[in-house]
Amino acid sequence: MVRGRYKVVHYLNQFFAQIGGEDKAGIPPQIMEGAVGPGIPLQQALGDEGEIVATVLCGDNYFGENIETAAEAVVELVAPHRPDVFVAGPAFNAGRYGIACGAACTAVRKRLGVPVVTAMYEENPGVELYRREVFVIPAPRSVQGMRETIPKLAGFVRKLGLGQPIGLPQADGYLPRGIRVNAFVERTGAQRAVDMLLAKLKGEAFQTEYAMPTFERIPPSPAIKELSAATIALVTTGGIVPRGNPDRIEAASASKFAAYSIAGTDDLTADAYQTCHGGYDPVYANEDPDRVLPLDAARALERDGTIGRLHNEYYVTVGNATSVANAQKFGKAIAEKLVAAGVDGVILTST
Amino acid sequence: MGLPVVHIAAIVPISMTVGANRIVPAVAIPHPLGNPALPESDEREVRLRLVKKGLRALGTDVEKQTVFAE
């Protein structure tokens, strides 16, 4: 192809780079020549003006578990290519991948001074963590949105590649970074605020100038005074369920949680329990479910008197692309049941 | 008042983002409370230590989001 005017390096996870699935989620960063996977339609959308010269890939678990080292390794792989733009994803609602995209972009921008952009779903935890550092193009929840996301991402890559100025978030189609820019406007802040309030009172649409964060902050609860007299409950988002998943908790985008009795059970064994969580390699959790829901350890601490009692039920859902609204709903419902049952504290484990 | 919760999970930045107030860093995403590379008795010890650390977090008053790393 024609040598492009600007050079692009693309970041993908092991899955989109077509290296493998969860079995390859532990691989460290590596680099390939040219465009791969979603890079191919991205290259087509860029046309002759830009060229994806290389693709960096990394396993999602490796990145998530070694964020700083992985980001540093990405920088070192990218640097020799001297790109004009670094682009990552789209990551849709894949949490580990979204964090990797955000962290890789942040490191490349800071260390190499290269403009960066990624794309992901607005509730991806990567957004909240990295939106201040990185341009994030909003994408749908799932990979089915690839076709609509690529042209938007390509348009933004082109702007960065050609060194065109980036305007306000609404105009240029990226998520607000929480950066305030001075501008002259007709009406004062007081007038604009009153306009918004009047619109709100009338039930009309209005656009806030300072959106509140999505994640609620809850003041910390007081500590347990006497652990040896306390009832402790186990809760997990890691999908540990009795074999066969009797309540059919979904592997992704869970719509429910469940409670299961552990009365008389001292250890979670592979013949009786499993994980129903999608998105991570289930081999380890299925071999020994205590690796996710530490019942054996909690029972040992109950026996030796460290805690008073272990609550006789545990609660479980799947935290994989689960909506924040559902997660809040589950959390509130579980908390109410635990308080009603006289539980004093909770060990919540997540994969 | 309310119920104290300790979040034991591998990726601390996620725990921080979602607002956990007591956080204990865990081993790895697919096996937060275990390490399949270790012999079984050592693995149980790792798990016991993490749960004990979690209990220590539940027994500690915090003013803001706190990571119990040590």
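I began with L201(A), which I found in helix α8 (residues 189–201) of chain A; helices here are DSSP runs of H or I with at least four residues, strands are runs of E with at least two, and both are numbered from the N terminus. The model is predicted, so I kept in mind that local features need pLDDT of at least 70 and side-chain atom pairs pLDDT 80 or more, while totals for chains, interfaces and linings use all residues. Residues are numbered from 1 along each chain as its sequence is written, and side-chain values use heavy atoms, without hydrogens and water.

I noted that L201(A) is exposed, with a relative accessible area of 66% (exposed is over 50%, buried under 20%, partly exposed in between, with a 1.4 Å probe and protein chains only).

Next I looked at helix α3 (residues 67–78) of chain A, whose twelve residues should span 16 Å at 1.5 Å a residue, and the end C-alpha atoms are 16 Å apart, which agrees; the expected span is 1.5 Å times one less than the number of residues. I listed I67(A), A70(A), A71(A), V74(A), V75(A) and V78(A) as the buried residues of α3(A). They cover an arc of only 145° around the axis, which puts them on the same side of α3(A); the arc is taken from the directions from the helix axis to the C-beta atoms. On the other side of α3(A), I found E68(A) and E76(A) exposed.

Of the 70 residues in chain B, 54% are buried.

Conventions
Chains are lettered from A and ligands numbered from 1 in the order in which they are written.
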